[in-house]
Amino acid sequence: MPELPEVETVVRQLDQVLPGRVIDKVEVLREKSAQTDLQDAVGMKIVKVRRKQKLIVVELEKIEDIGNDKLNLVVHLRMTGQLVWRKGKPKLKTRNFKLKTVESAKADNLDSPGQVQGGHPSVDWVQELPSKHTRIVVTFIDGSVLYFNDQRVFGWMKLIQSSELRTQISKMPPDVVDAEFTIKYLQGILKKTTSPIKVVILDQQKMGGMGNIYACDSLWLAGIKPARKASSLRSNEVRALHKAMVQVLHRAIDLGGSSYSDFVDTAGLGGKYQDEFLVYSREGEGCRRDDCDGVIEKIKLGGRGTYWCGGCQK
Ligand SMILES: [Zn+2]
C-alpha cells in the first residue's frame, strides 16, 4: 500500500510532466473507480499536482475562464492503485506525415521523461496499456495518456470543486511533515489517550502520514517502547518523538519512499528507504544503536506487525 512518502514521490513526478496539458478524453473502464462523473474534466488544463495526506490533487482550470471556482481531479491509490503517464506514441508515417525537426524532437525528450509512474508496482508498469487492471484512461490533446490502474479496485478518482475540497481538507488533521504539526499539537493528542503510542501515531484521524514502517522506525529513533500508553510520555519524550517522526518521514521522502511495502517509483526502481530501515523488518537482528546490545523483536500492536528493541526503547 503506498504510504505518504510514496504518494509524495509520485505527486512530485506528475507535477513535472502534467501542468499545461489539456484533457481531451476521459474513459472510465470500471464504474466503481470513478466516484463522480469525470466528463467535466474534458477540455480543462492541468495547473498543478499536489498532495494532502494520501490524496493526490490534480488542479484543473478552463483554458478561457481563469479565476472561477476551479475543479480538481482527486485520486486515492488505496491498496493497489497506480498512475502511469506515458508520452504519446509517434504517429505512423504517412504520405502527409510532417517530420519533426531534430530540434523539436530533442526539446521534447529533454522537457520530460517518456513515462512517469507511481503507486502499487506490477507488470502493468512495463507492459502495453491499457491492461486488464486499467480502470480509467485520461488522454491529453498532445497524445500523452494518464492510466489509472488498480488491481483490487479500492482506489478511486473523482472531480471536486475547489471550495468543497478546501472544506474537506480543513477537516483533516495536519500531516506530520506540515508546519501545523507542532510539538504542542502532538502533546495535545497524546495526553488525551491511554492507547499504545504506536497505535496513536498511526491514527490518520489524528495526524497524517505515519505508515507502519515509519511509525516503528520513529519510535526506535526516539527510544520509546511502542506499547507505552500515549498519555505516559513525558514532555522530553514527546519532543524526541516529534523530532524523530519528522526526520524519518523527510528521509523517506528524500529516498523516494520504500518499495518494501509494494512501491516502485517512476523510474521503476523503487524507493530506497527499505535499505535504511532502522528497526522495521529486522526481527532477530542486533539493534543498530551503537551503545545497545539488544535484539529486535516483533510483536503485534493494534493488529500490525511491530518491530522494536527491548534494550533501548523504554
Ligand atoms: Zn536497542
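In strand S3, Glu-61 is the bridge partner of Lys-45. This pair belongs to a predicted model, in which local features need pLDDT of at least 70 and side-chain atom pairs count only at pLDDT 80 or more, while totals for chains, interfaces and linings use all residues. Residues are numbered from 1 along each chain as its sequence is written, and side-chain values use heavy atoms, with hydrogens and water left out.

Now for the sheet around that bridge. S2 and S3 (residues 55–62) run antiparallel to each other and are joined over 8 bridges; two strands are said to pair if DSSP finds at least two bridges between them. The names come from DSSP runs numbered from the N terminus, with helices (H or I) of at least four residues and strands (E) of at least two. In general, strands of a sheet pair through backbone hydrogen bonds, either parallel or antiparallel. Here the open sheet has 4 strands in the order S2-S3-S4-S9, with antiparallel pairing. Strand S2 (44–52) and strand S9 (156–161) sit at the edges with a single partner strand each, so one side of each has no neighbour in the sheet. From one strand to the next, the twist averages 25°.

Two helices come up against this sheet. Helix H1 (residues 4–17) packs on it and touches S2 and S3, its direction making about 155° with that of S2. Helix H3 (residues 162–170) lies across S2, S3, strand S4 (71–76) and S9, and runs at about 110° to S9. For these angles, axes are lines fitted to C-alpha atoms, for helices over the stretch in contact, and the values run from 0 to 180 degrees between N-to-C directions. Contact itself means heavy atoms within 4.5 Å.

Zooming out, the chain has 7 helices and 11 strands. Of its 314 residues, 51% are buried; buried means under 20% relative accessible area, exposed over 50%, and partly exposed in between, with a 1.4 Å probe and protein chains only. Among contacts with a separation of 6 or more, 66% come from residues 24 or more positions apart.

Next comes the second largest pocket, with about 440 Å³ of space. A pocket is an open set of points on a 1 Å grid over the protein atoms alone, where a 1.4 Å probe fits, with protein on both sides within 12 Å along at least five of seven lines; lining residues have an atom within 4 Å of a point. Grid points are joined across faces, edges and corners, and the volume is the space filled by probe spheres set on the points. The lining has 23 residues, and Gln-53, Lys-54, His-76, Arg-78 and Gln-204 lie nearest the centre. S4 and S9 are the elements that give two or more residues to this lining, with the largest share, 3 residues, coming from S9. By class, 11 lining residues are nonpolar, 6 polar and 6 charged; nonpolar covers Ala, Val, Leu, Ile, Met, Phe, Trp, Tyr, Cys and Pro, charged covers Asp, Glu, Lys and Arg, and the others, Gly among them, count as polar.

Some loop residues are worth a look too. Asp-175, in the loop between H3 and helix H4 (183–190), is buried, with a relative accessible area of 1%. Leaving aside neighbours within four places in sequence, the contacts of Asp-175 include Leu-4, Arg-51 and Gln-53. Leu-255 is in the loop between helix H7 (235–254) and strand S10 (296–301) and is buried as well, at 18%. Not counting residues up to four places away in sequence, Leu-255 touches Gly-271, Lys-272, Tyr-273 and Glu-276. Asp-293 also belongs to the loop between H7 and S10, but Asp-293 is exposed, with a relative accessible area of 77%.

That loop leads on to a hairpin: S10 and S11 have 2 residues between them, and Gly-302 in the turn has a positive phi of about 55°. The two strands pair in the antiparallel sense over 6 bridges, and Lys-300 has Gly-305 in S11 as its bridge partner. In strand S11 (residues 304–309), 5 of the 6 residues are buried, so S11 is largely enclosed by the rest of the structure.

Helix H6 (residues 212–222) is mostly covered too, with 10 of its 11 residues buried. Those buried residues pack against H1, helix H5 (197–201), H7 and S11. After H6 comes Gly-223, with a positive phi near 70°.
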